[in-house]
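Colleague: I would like to go through this model with you, contact by contact. Please give the cut-off for each term as it comes up.

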Amino acid sequence: MERRAGLSPILAPALALALIPMACARTPDGAPGDGAYPPSEAVALLAPGLSPAELELRVMQFAPAVLDFDDTSLEPWERQVLAKLIEASDVMHEIFAQQVSPRTAEWWSALARAGGAGQEAALAYFDIMVGPWDRLEHNAPFLDVGPKPAGAGFYPPDLTGDELDAWVAAHPEDAEAFTGYFTVIRREGSGIVAVPYSEAYRPQLERAAALLREAADLAEEPTLARYLRSRADAFLSDDYFQSDMDWMDVASRIEPTIGPYEVYEDGLRGYKAAFESFVTVADPAASAALDELKGHLRALEQALPIEDRYKNLERGFESPIRVVDLAYSAGDTRAGVQTIAFNLPNDERVREAKGSKKVMLRNVAHAKFERILSPIAQEVLVPATAAQIAFEPWFTNVLMHELAHGLGPGNITLENGEQTTVNRALRERYSAIEEAKADVTGLHSMSVLQQKGVFTADFVRRAYASHTADLFRAVRFGAGEAHGMANLLQFNWFREKGVITLDEATGRFRVDLAAMVAANRELARELLTLQARGSYERAGEILERYGKMDPAMQAAVDRLGSVPVDIRPRYAVRLKMQEW
Ligand code: ZN
């Protein structure tokens with residue numbers, strides 16, 4: 001079950017750097033640094049007080065990782081379509097760079113022309129962050145360019161949220177355009193105007209639309225061709241509804257997700273969608289394995305460790321999860337930390353009509369397992385436990401976590417007869433409890449599937465071991481957020497039950513994997529039952545009692561400084577394409 005290991009040679013860094021498109025031909029009206037332009041040394045462009053050595057350390061937080069996929073069984077037309085999609089993705093990257101700031105290209109050129117100490121690291125970090133602001137440090141600038149405007153490049157840099165709100169209040173007829181996903185705001189005369197993406201990024205979107213149409217002409221699979229054509233139309237009309245609908249129906253082995261989607265880059269009001277692209281290739285074996293898991297969902301609901309009256313057998317067990325390999329990504333999603341899954345589209349009208357798709361990026365997950373989770377396990381677990389962790393069981397457990405969100409109580413009746421949902425009943429305590437529930441219910445379900453002969457005992461034991469390493473991963477960067485809290489809850493529960501014990505001599509943890517199965521089932525019973533009862537109080541008690549950082553765990557986490565924060569993708573498709 002081990003994943004094929006034959007990865008292509010690492011791409012030359014220069015190639016990755018060349019992917020930042022530098023289409024901007026305008027005369028620079030300024031460059032980072034107030035000194036002479038162009039400066040001769042890159043170090044003069046760095047943010048005040050930042051040394052080249054420090055910047056190199058920041059680059060090293062991102063471990064280069066080759067994202068490979070199986071292209072041997074692709075049809076010739078599939079390869080041709082992939083090549084077009086990668087070209088179109090580079091256009092998305094170019095637009096996104098402009099959405100980060102209209103000056104991104106100009107700053108890049110200044111760095112590229114500069115020489116000397118710090119240039120290599122600055123170019124690399126600029127490439128990772130897509131721009132001169134550090135996404136791991138609340139957008140602090142690493143070049144001497146000043147703070148990042150909250151509204152990135154979507155709004156005039158000096159426009160405040162209040163000014164925007166006041167304009168919209170005074171011009172209600174503008175509200176839809178100004179607060180829409182697919183416009184940028186510009187100053188014009190004494191006022192502001194909303195410019196549709198199709199105008200603001202006209203040359204790029206025309207190029208991208210042409211590439212998608214060429215891809216559609218090559219595509220021999222009708223759902224893919226339909227999506228590519230309707231998305232090309234959307235680039236020029238700003239109406240993405242039909243193409244989002246068509247995306248839900250794509251049944252091709254090659255699946256692109258390309259266009260403006262998430263609004264996180266707009267820190268001013270969260271209105272504006274950033275361009276991005278995921279070009280993925282489905283792995284037939286992984287898809288079949290997932291389908292098999294989905295086929296067991298009803299039985300898994302039946303096997304939940306709770307009273308029968310709390311089981312939710314009325315619910316639908318359709319789960320629109322896909323497992324794919326990422327061949328290429330660009331734009332918003334390539335900037336900073338890499339995602340291992342996404343859930344789209346965001347348009348509520350499409351979600352209402354067709355639901356949404358959760359896409360899991362298996363080769364990205366594999367790279368993170370190798371470069372991050374595995375080193376964490378070596379550092380925090382005793383060797384006997386660390387030796388048990390493995391990718392396939394871990395990834396299956398990640399899938400089970402996602403499927404387990406769809407198991408257990410949803411719509412509930414409180415003791416006083418009130419009909420509500422778990423989410424409404426648990427309020428701000430819901431997210432941490434729900435994440436912990438998905439973890440423990442997913443693991444419990446793996447034990448159930450072991451009894452049914454779906455998994456071997458060894459596979460499930462490795463899933464439990466890998467999960468204990470995972471508990472340290474999310475708390476590395478703080479326990480404030482739902483996943484971090486959910487992990488502390490489990491860790492402390494297992495500590496209390498004697499499942500996880502500290503090896504005083506090494507500061508590493510030992511896990512009794514046999515005892516963990518029962519303790520995990522008990523925690524699943526606890527969390528699912530409190531959800532079924534909608535008990536806000538019990539949720540509070542549990543989070544209070546188990547949600548605190550254990551000093552021994554903190555000490556172990558403190559030793560993880562040299563483990564990479566994330567991966568830096570190198571796309572094997574770039575090399576493969578040369579052979580096609
Ligand atoms: Zn989750």
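**Helix pairs, zinc site and loops**

Colleague: Trp77, Gln80, Val81, Lys84, Leu85, Glu87, Ala88, Val91, Met92, Glu94, Ile95 and Gln98 in H3 meet a set of residues in H9; which residues are they?

Modeller: This is a predicted model, in which local features need pLDDT of at least 70 and side-chain atom pairs count only at pLDDT 80 or more, while totals for chains, interfaces and linings use all residues. Residues are numbered from 1 along each chain as its sequence is written, and side-chain values use heavy atoms, with hydrogens and water left out. Helices (H or I, at least four residues) and strands (E, at least two) are DSSP runs numbered from the N terminus, and contact means heavy atoms within 4.5 Å. On that basis the H9 residues met by H3 are Gln204, Leu205, Arg207, Ala208, Leu211, Leu212, Glu214, Ala215 and Leu218.

Colleague: How do the residues of the contact of H3 with H9 divide by class?

Modeller: Ala, Val, Leu, Ile, Met, Phe, Trp, Tyr, Cys and Pro count as nonpolar, Asp, Glu, Lys and Arg as charged, and the others, Gly among them, as polar. The contact of H3 with H9 then divides into 13 nonpolar, three polar and five charged residues.

Colleague: Is H3 roughly parallel or roughly antiparallel to H9?

Modeller: Axes are lines fitted to C-alpha atoms, for helices over the stretch in contact, with angles from 0 to 180 degrees between N-to-C directions. The axes of H3 (residues 76-100) and H9 (residues 202-218) come within 9 Å and cross at roughly 165°. Angles under 35 degrees count as roughly parallel, over 145 as roughly antiparallel, 65 to 115 as roughly perpendicular and the rest as oblique. H3 and H9 are therefore roughly antiparallel.

Colleague: How is H20 oriented to H21?

Modeller: H20 (residues 457-475) and H21 (residues 482-496) have axes that come within 8 Å and cross at roughly 135°. That angle makes the orientation of H20 to H21 oblique.

Colleague: Which residues coordinate the zinc ion?

Modeller: Donors are N, O and S atoms within 2.8 Å of the metal (3.2 Å for Na, K and Ca), and sites may look incomplete because water is not among the atoms. The spacing of the donor residues in sequence is H-x3-H-x29-E. At 2.1 to 2.2 Å, the zinc ion is coordinated by His401 (NE2), His405 (NE2) and Glu435 (OE).

Colleague: Is His401 buried or exposed?

Modeller: Buried means under 20% relative accessible area, exposed over 50% and partly exposed in between (1.4 Å probe, protein chains only). His405, at 26%, is partly exposed. His401 has 12% relative accessibility, so His401 counts as buried.

Colleague: Which residues does Asn520 touch, not counting residues up to four places away in sequence?

Modeller: Asn520 is in helix H22 (residues 513-533) and is buried, at 0% relative accessibility. With those sequence neighbours left out, Asn520 touches Val440, Leu443, His444, Tyr464 and Phe494.

Colleague: What is omega for the cis peptide bond that joins Leu344 and Pro345?

Modeller: Pro345 lies in the loop between strand S9 (341-344) and helix H14 (348-354). For the cis bond between Leu344 and Pro345, omega is about -5°.

Colleague: What is the positive phi of Asn139?

Modeller: Asn139 sits in the loop between S2 and S3, and is partly exposed at 28%. Asn139 is not a glycine, and its phi is about 65°.
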